Amino acid sequence: MNKTNKFHIFLVTTEGCAGCKIMDRILRKVLDKTTDITYHVSDYTKFRHNKKELDKFRDFPTTLLVDDGEIKARIIGTQPEYYIIDKIHQVFGENVFKDDNKKTKETNKHIELE
C-alpha cells in the first residue's frame, strides 16, 4: 500500500459485480466532499496483497480504509452514503471533510489499479 498520503480508501471489486459499481459511485460522491484521501479501485485478482490479507476477503465489494499504511476499517458489501460518511469520520476524523464556508484546496486523487 502506498504511503505517500496518509489516508487511502481501497475499493476491491470482482468482474461483473453490480454492487461494486454502485459502491464505486457512492464512494466517488462521498469523496468529492473530502480532502487528503487517495482513492484506489482494484479488481480482486489484481489487488496487491499478501496471503494473510487475501484470506480476509469474504465478499465483494470490500472497501478498506487505510490510515498511514494500516487498515483501520473494512466495509463489506454495498453500503449507503451516510454509512460511508460515518465510517470516514470514525477512522480519519472530521478534518478530512471540506468546510463549505471556506475554500479548501481539493487534494483527492483517484487511482485505477491495473
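Axes here are lines fitted to C-alpha atoms, for helices over the stretch in contact, with angles taken between N-to-C directions. With that in hand, welcome to a short tour of a predicted model.

**Figure 1. The chain at a glance.** The chain holds 3 helices and 5 strands. Read from the N terminus, these elements follow the order β-α-β-α-β-β-α-β. Of the 114 residues in the chain, 40% are buried. Among contacts with a separation of 6 or more, 70% join residues 24 or more positions apart.

**Figure 2. Helix α1 against helix α3.** Two packed helices are described by the angle between their axes and the distance between the axes. Here, α1 covers residues 18-31 and α3 covers residues 81-92; their axes come within 10 Å and cross at roughly 55°.

**Figure 3. Side by side at the α1 and α3 contact.** From α1, the residues taking part are M23, I26, L27, K29 and V30. Their partners in α3 are E81, I84, I85 and I88. Sorted by type, the residues of this contact comprise 7 nonpolar and 2 charged, with no polar ones.

**Figure 4. The disulfide of C17 and C20.** A disulfide is a covalent bond between the sulfur atoms of two cysteines. The count for this model comes to 1 disulfide, and C17 and C20 form it, with their sulfur atoms 2.3 Å apart. The link is right-handed, with 80° about the S-S bond. Are these cysteines buried or exposed? Buried means under 20% relative accessible area; C17 has 12% and is therefore buried, and C20, at 3%, therefore counts as buried too.

**Figure 5. A cis peptide bond at P61.** Look for the bond that joins F60 and P61: this peptide bond is cis, with omega about 0°. P61 sits in the loop between α2 (51-54) and β3 (62-67).

Figure 6. Although D36 is not a glycine, its phi is positive, near 65°. D68 is likewise a residue other than glycine, and its positive phi is about 55°. With a relative accessible area of 42%, D36 is partly exposed. D68 is partly exposed as well, its relative accessible area being 47%.

Notes
Residues numbered from 1 in each chain as written. Predicted model: local features only at pLDDT ≥ 70, side-chain atom pairs only at ≥ 80, totals over all residues. Heavy atoms only, no water. Axes fitted to C-alpha atoms, helices over the stretch in contact; angles between N-to-C directions. Helix = DSSP H or I, 4+ residues; strand = E, 2+ residues; numbered from the N terminus. Contact = heavy atoms within 4.5 Å. Nonpolar A, V, L, I, M, F, W, Y, C, P; charged D, E, K, R; others polar. Disulfide = S-S within 2.5 Å. Buried < 20%, exposed > 50% of the residue type's maximum accessible area, 1.4 Å probe, protein only.
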